[in-house]
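Please consult the structure below alongside the text.

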Amino acid sequence: GIETLLGDTSDTGDMEETKPVEKFRKDYKPPPYWIKHVDLDIRIYDGKTIVVSKLKVERDPSTDTKTPMILDGEDLSLKRV
């Protein structure tokens, strides 16, 4: 599985600014990786929220083994994978 630790959501100073991209249903493709199970630990503090997620992820058997897994999030500070 994969364990991610997402820190203070207001701490985005070192992240590159990106513009939103429109996504259309006609462009949908099945994901190359499946999330089979999720465990979340959510801690809410004054001024920040910390989320620890543990994911059980499986690659779609039809996906090339060299296909990278892409984590796509907004306004997050990734601390560890």
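Among contacts between residues at least 6 apart in sequence, 70% join residues at least 24 apart; a contact here means heavy atoms within 4.5 Å. The model is predicted, so local features require pLDDT of at least 70 and side-chain atom pairs count only at pLDDT 80 or more, whereas totals for chains, interfaces and linings use all residues. Residues are numbered from 1 along each chain as its sequence is written, and side-chain values rest on heavy atoms, with hydrogens and water left out.

The protein contains zero helices and four strands, arranged along the sequence as β-β-β-β. Both element types are DSSP runs numbered from the N terminus, with helices being H or I of at least four residues and strands being E of at least two. Of the 81 residues in the protein, 14% are buried. The accessibility classes are buried (under 20% relative accessible area), exposed (over 50%) and partly exposed (in between), using a 1.4 Å probe and protein chains only. The accessible surface of the protein amounts to about 7300 Å², and carbon and sulfur atoms account for 51% of that area. Accessible areas were computed by the Shrake-Rupley method with a 1.4 Å probe; for residues, only the protein chains shown count as cover.

Strand 2 (residues 33-45) and strand 3 (residues 48-59) run antiparallel and are joined by twelve bridges. Strands are taken to pair if DSSP finds at least two bridges between them.

Together with Val38, Leu40, Ile42 and Ile44, Ile35 forms a nonpolar surface patch with about 520 Å² of accessible area. Patches consist of residues with over 30% relative accessible area and no salt bridge, with like charges joined within 9 Å and nonpolar side chains (Val, Leu, Ile, Met, Phe, Trp, Tyr) within 5 Å.

Which charged side chains meet in a salt bridge? Side chains of opposite charge can pair when their charged atoms come close. The pairs are listed below.

| Salt bridge | N to O distance |
|---|---|
| Lys26 and Asp27 | 3.3 Å |
| Asp41 and Arg43 | 2.7 Å |
| Glu58 and Lys56 | 4.0 Å |

As for solvent exposure, Lys26 counts as exposed at 70% relative accessibility, while Asp27 is partly exposed at 44%. Asp41 is partly exposed at 31%, as is Arg43 at 42%. Glu58 is likewise partly exposed, with a relative accessibility of 30%, and Lys56 is partly exposed at 43%.
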